Amino acid sequence: MTWIRRNLFRSVWDGILSIVFGAIAVYVLWTLFEFVFITGRWEIIEVNLLLLLVGRFPEDQLWLVGTSIVALAFWISAASSGSPKSLDSQPSLSARILDSVQRFGLLSALGVLLILLAGGITPLYWGLAIIGGILAGLGLGKTRRSIAARAKIPNLLWHAAIIAVPITFIALTLSLSTLDSWGGFLINFYIAIISIVLSFPLGVLLALGRRSTLPIVRVLATTYIELIRGAPLFVLLLLAGVALEFFVPTELAPGPIFRAVTVFTLFTAAYVAEIVRGGLQSVTQGQTEAGKALGLGTSKITFLITLPQALRNVIPAQIGQFISLFKDTTLAGAALSVLEVLNVGTAITKQDDFLGQGYIYESLAFVGLLFWVGSYVMSRESQRLEKRLGVGQR
Amino acid sequence: MSSLPSAPARVPLWRDVRVLRWAFQLVVLAVVLALLYWLYGNYQANVAKSSIPTNLRFLDNPANFTIPGNDLDQSAPVRDAFYQGFLNTLQVAIVGIVFATILGTLVGIARLSQNFILRTIAAAYVEVIRNIPLLLLLTFMNLAVVLQTFPRIEDAWLPLDLFVISNRGIAIPWFTGSALVLLGIVLVGIVAAWIVTKIRNRISDSTGKPAWAGTYGLLVFVVIMVAGWIATGNTFTLPFVDDRATAGGFRLDPSFFALLVTLVVYTSSHIAEIVRGSIMAVPRGQGEAADALALKPSAKMRLIILPQAFRIAMPALGNQYLNLIKNSSLGATISYFELTQIAQITVGNGSPAVPAFTLTLLVYLGISLITSLIVNYFNRRLALVER
């Protein structure tokens with residue numbers, strides 16, 4: 001009762017606000033409920049689920065995609081369970097369960113939804129395999145921590161393995177089927193991951209260049225960053241679509257997915273550079289001076305002292321950049337006709353069975369859900385990470 | 001006894017820091033130049049092979065397309081089409097920035113409201129919109145809302161009889177008479193209102209009586225608007241449906257409407273987060289001081305918190321404005337005739353691709369630079385003068 005008085009009816013004005021917005025909220029929620037459970041015609045998604053998720057990926061090679069996802073789940077859970085937790089508080093079991101539900105509930109719900117939409121028994125097996133991968137990863141993470149503590153295995157080795165395995169799998173998938181038959185949500189994720197990985201070293205170099213004391217290097221880096229940041233991504237993609245073949249020898253002219261990756265990498269590098277520059281500026285002058293006092297050279301100070309601290313400070317911003325890149329991969333469909341998920345989503349409403357019956361709501365709602373869950377989970381995780389790293393608190 | 005240290009031996013050239021620094025820079029420069037030269041050489045060779053022009057002379061060719069809502073005819077040069085596209089980009093960007101700022105600020109304040117429902121709705125709005133791709137929102141707005149849900153013109157929605165909503169666009173009440181006259185009167189009104197608020201503030205400063213500066217200013221503005229309007233013999237008209245078309249009022253193209261709404265909604269969700277963060281970054285003591293002076297909550301927000309919050313928010317806001325301008329290029333995907341769409345069409349009609357898109361990029365770069373100059377100017381004006 002006091003809660004209601006305090007939160008809804010502090011004053012007359014407050015009460016009016018509560019009633020008006022409460023009514024709006026009820027109406028929106030009801031419309032949403034009606035759409036999802038009553039009026040929505042989800043058969044368009046059921047029929048085209050595979051097309052939306054993986055495009056025209058050869059069906060006999062789909063096990064590769066599945067295996068990659070299982071491997072990714074395994075390594076991600078191994079990497080995150082192995083990292084040290086805060087020592088000061090050991091949360092209770094119920095708190096930990098609640099925490100896991102908050103973290104993984106949304107993703108699991110999406111997984112269940114996809115399995116239900118797909119129907120049949122095979123997707124169920126894959127779902128179980130992914131859960132198995134996660135549990136195995138957790139197990140490995142736990143043992144690893146105790147082994148590493150005893151044997152003092154350098155952390156770097158683990159990190160290298162953790163990065164290398166998913167990449168190996170991506171490379172494996174790449175070698176076994178032609179890239180241009182990829183599509184759907186898979187290609188959105190693929191383009192985003194490859195571009196962020198490739199743009200990272202370039203971005204770090206540009207950031208160092210921009211903060212360099214060497215005038216020519218600084219001018220070059222600054223020019224590149226500002227030119228790219230002043231240009232709309234969509235126009236750059238269009239330019240790559242019609243003009244990239246002019247700038248390379250004709251026989252090298254690449255396919256649309258390669259072009260998309262090129263543009264996203266070059267574009268993201270400029271933004272990564274600005275993020276890293278912010279991180280470098282946040283490292284106090286005393287760190288550099290301490291390095292100088294130890295007689296280290298400029299490159300050693302940068303790579304052993306300032307850069308590691310800067311990179312730790314910018315991890316949340318990096319994830320933010322990755323999320324926006326992930327969302328921007330939809331532009332590849334509009335500009336380069338890559339068969340990414342939004343492109344597929346609008347195309348399936350033009351199939352003979354569904355044409356002109358207003359299926360666009362259902363189709364876009366599904367595509368939107370995929371992106372929303374992906375981005376939302378990532379931004380949540382980034383906030384957790386931010387807390388754990390204590391950004392802004394040291 | 002002790003001998004002086006011998007003069008340091010000449011540092012060999014390959015260990016001299018000054019030499020190394022310049023050598024390194026020259027190497028970098030050489031690599032970059034070589035890369036550019038390679039790209040340029042490829043471009044020249046490829047262009048020569050298919051005899052595509054590399055200059056901007058295509059701007060004088062006839063455009064061979066028309067722009068809806070514009071009396072440009074097919075024989076008009078590409079140059080004019082580009083200019084019109086530039087104006088359309090500016091139009092959607094400026095209107096979008098204004099509305100996105102207002103909506104974003106309101107949502108940002110609502111997220112910090114003590115009212116549970118308001119706070120939750122604002123949070124849901126921000127979290128949903130921010131995590132969905134802009135292009136998806138735009139496609140949804142265009143295909144699902146405007147083209148599918150809005151009725152045909154015969155049975156258009158007429159909310160309050162003030163608007164005409166159909167899949168041919170939205171018509172709103174508007175003034176008759178030329179836009180130039182309207183602009184002139186608005187400018188006179190603003191200047192007069194500004195002068196009046198200054199005078200009121202000065203009187204208030206010297207006498208200590210309440211200024212009511214905003215009220216007086218608004219009053220003067222309204223009076224001048226109405227008087228000016230009547231004096232120039234103009235009125236305003238309501239839109240209505242007239243034989244399968246709207247008449248009167250001002251009609252917004254469906255694509256313009258879809259793009260504007262999407263940009264405003266998307267950008268406002270980002271602005272809301274910035275505003276929320278900035279309000280929270282205002283030192284707590286400021287709010288407490290306002291409470292101690294017994295200011296009303298609205299006055300506290302308007303006079304104490306928001307001005308300081310906007311000082312903090314200004315650089316981030318500027319970034320969002322730049323994003324909005326650049327995102328307006330997505331209008332090309334729904335056939336809104338802004339700069340990118342014009343470039344795409346004219347390239348499709350046979351204009352050389354590289355010069356046309358380079359020109360487009362340069363125009364966007366120019367707009368971005370001017371916007372950041374304006375934002376920096378306000379940033380400097382608002383910045384705290386440290387003593």
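Chain A of this predicted model contains 17 helices and zero strands. Of its 394 residues, 31% are buried, and among the contacts in chain A that link residues at least 6 apart in sequence, 80% join residues at least 24 apart. Chain A touches chain B through a contact that takes 44 residues from chain A and 45 residues from chain B.

**The side of chain A that touches chain B**

- Helix 2 (12-39), helix 9 (215-229), helix 10 (233-247), helix 15 (330-336), helix 16 (341-347) and helix 17 (360-389) of chain A each contribute at least two residues to the side that touches chain B.
- Helix 17 of chain A provides the largest share of that side, with ten residues.
- By residue class, the side of chain A that touches chain B is made up of 30 nonpolar, eleven polar and three charged residues.

**The sheet in chain B**

- In chain B, three strands form an open sheet in the order 1-2-7, and their pairing is antiparallel.
- Strand 1 (164-166) and strand 7 (250-252) of chain B stand at the edges of this sheet and have a single partner strand each, so one side of each is left without a neighbour in the sheet.
- From one strand to the next, the twist of the sheet averages 15 degrees.
- Strand 1 of chain B pairs with strand 2 (residues 169-172) of chain B in the antiparallel sense over three bridges, and B:Val164 stands opposite B:Ala171 in strand 2 of chain B.
- As a general point, strands of a sheet pair through backbone hydrogen bonds, in either a parallel or an antiparallel arrangement.

Notes: Residues numbered from 1 in each chain as written. Chains lettered and ligands numbered in written order. Predicted model: local features only at pLDDT ≥ 70, side-chain atom pairs only at ≥ 80, totals over all residues. Pairing = 2+ DSSP bridges. Helix = DSSP H or I, 4+ residues; strand = E, 2+ residues; numbered from the N terminus. Axes fitted to C-alpha atoms, helices over the stretch in contact; angles between N-to-C directions. Buried ≥ 20, exposed ≤ 12 C-beta atoms within 10 Å, placed from the backbone. Contact = placed C-beta atoms within 7 Å. Nonpolar A, V, L, I, M, F, W, Y, C, P; charged D, E, K, R; others polar.
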